[in-house]
Amino acid sequence: MSNFITKMITYFPKFKIKDYFTNMDYLPRWIVFSIDISIVIFANIFSYFLFRFLHISFYATLNPLTRYSLVVLINCFFFLFFKTYSGIIRHSTFIDGIKLLYSSMFSFIVLVLINYSSYFIIGKKIFVIPALFINAIIIFSLLFLFRIFVKFIFENFMVEKNKSILINTLIFGSDANAISVVNALNSEKPMRFKVIGFIDKENQNTSKRILDVPILNFKRKISIIMRSVSAEALIISDKSLTKQQKLDIVEECLEYNFKIFTVPSIENWEDKKEIANKVTNFKIEDLLERNPIVLDTKLISKQLKNKTILITGAAGSIGSEIARQVINFNPGKIIILDQAETPLHHLRLEMDKLITEIKIETVICDVRNRDALNQVFLKYKPRVVFHAAAYKHVPLMEENPAQAIFVNVMGTKNTTDLSVEHGVESFVMISTDKAVNPSNVMGASKRIAEKYVQSLFFNINVNENSTKFITTRFGNVLGSNGSVVPLFKNQIASGGPITITHPDIIRYFMTIPEACQLVLEAGSMGNGGEIFIFDMGKPVKIIDLAYKMIRLAGMIPNRDIEIKIVGLRPGEKLYEELLNDTSKTLPTHHEKIMIAEEFKVDFNGLNLEIAELISIAKSYNNDAIVAKMKLIVPEFKSMNSTFEDLDKK
């Protein structure tokens, strides 16, 4: 039957039927309703002549035209009542068939009631019940077949011109989730995937078919299964897979250059278009081999609930995520502070959309300006401060050491000093692993800030009302502004090449939400003076990261996207560390958070040294600035930098 229809349509090219269906979006409702009425009229005419041919006698109560007009009107009423015309026909489902069945069934029942009412009122019947029943079956069958025909036309001619570029795809999973994915992909316009099978993890239904495609056995490696059926891509829809099982499947697909996609669980979907749009490439963040972080929410809530929270550098990737997470612990007020106007405005618009009674104040202020910052403390009286404001780009700070001092050192000093003056309960500084045995100006400036924060706490008269100063130190954050992942994404999107400074360079990585969760936890558990370091998981080789990201984008490294080695940047080292050579760690109650035992320095001496450093920075003499930094941080040894000569003096 399907071959006959196909031949009939393609036989008349002058009418361009194929082009008509290809370009059509959907039939308007009034046209569908009109066609349904026409089908009912045709069914009545057909029934009339069929019953005449079968010599079935009709009651003479009404003439044939009036009798069948009543049938049409009753059917029209139930079309409107059940809205059988409202669905997009090419996306018709079982529900649409049920609506047609209900419409035909209730039309028949009402006509039967009218028939017997007529008999009781005037003693005459209008319809022959068997004929009425057969007529209802014919109407339902024609309406149903019309929708099947339209669905067939769209499915076979709408996407024909794209068939050559469709991706042969397997779905990992065979449950309702997987079936919904396939239905959505089949109705997608333009289509991207041709689903050729399901993979059942439990191997229970491998002799059966779903949506006319086979269910495949998962006893072999995923790569072997995909090669055996000429599949090019895999969509993982099975949410029962463990993190490790999913990682193993993804790694295997990437190794053999198969495309790999993921999709959210079915409860998060609203319509088919949304489902299809949510079928996306795996993100590199999805491949981090780590378990979810479990927070002590009671401890964090005790620190933040009903209090005024100040977040400096709030427009940055870390500061903005801290703001998003802090709001979950019901603070009294959040002050988001930054000197970057546009990003801060965007954050404010985002937070305004949240359904919350928490008051959010937006403050444009530069932490270098002590007087302006003092006014913020006077006005809002914050009880907890998260200090995320910093300059963090290594090459830029290598070229502009004065700015690193003004923001990272003086900005931190201003904020900490004012926190003491205004009786802040807790101050949490966001630091970096680049402060450990620093090889660049940025890392050294953050190490000086760390030393100041820690020594200030031990210098003040510690009591119950003293400000607790806590430092958190972690490595690279995936997806943060200026980090390697967004850079690689942009380079891949523009066709490459991906630039890597050295083939052996490795880094520790953590997602932004993970880092901020641990910042909140560390801030709540600290007693003051600690430098908390986070378990960053396994170090990642940057070149391996590049290979994975290219493959996740569906391309092949060094064929579709070139990987280019450009040499180490000024101040960059191959391996980042979380501890100084002389430091040790102490465990905490949280397995991912440790305390670094750093050598404590005399506050008064350090304070004088920093004052002198800030004074030198105002002269903008780069060599003098860096030379002074090396005196304050003896372990600061420049790498790949013009400042290496200072280490020889």
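A nonpolar core is here a set of buried Ala, Val, Leu, Ile, Met, Phe, Trp, Tyr and Cys residues joined through side-chain atoms within 4.5 Å. The model toured below is a predicted one.

Begin with the largest nonpolar core, which has 50 residues. Select Leu 337, Ile 405, Ile 448, Ile 625 and Met 629, the members that touch the most other members. Next, colour the elements that each supply at least two residues of this core: β9 (333-338), α14 (370-380), α15 (394-399), α16 (401-421), β12 (426-432), α17 (441-459), α21 (603-617) and α22 (622-632). Of these, α17 gives the largest share, nine residues.

Centre the view on Ile 405. Beyond its neighbours within four places in sequence, Ile 405 is in contact with Met 410, Leu 613, Ile 614, Ala 617, Ile 625 and Met 629. Then move to a second, separate core of 39 residues; Ile 322, Ile 334, Ile 358 and Phe 534 are among them.

Now select strand β8, residues 308-312. Five of its five residues are buried, so the strand is largely enclosed by the rest of the structure. Thr 308, Leu 310 and Thr 312 lie on one side, Ile 309 and Ile 311 on the other, and both faces are covered. In a regular strand, side chains alternate between the two faces of the sheet.

Finally, select strand β11 (residues 384-387), which pairs with β8 in the parallel sense over four bridges; its His 387 is the bridge partner of Thr 312.

Key. Residues numbered from 1 in each chain as written. Predicted model: local features only at pLDDT ≥ 70, side-chain atom pairs only at ≥ 80, totals over all residues. Heavy atoms only, no water. Buried < 20%, exposed > 50% of the residue type's maximum accessible area, 1.4 Å probe, protein only. Contact = heavy atoms within 4.5 Å. Pairing = 2+ DSSP bridges.
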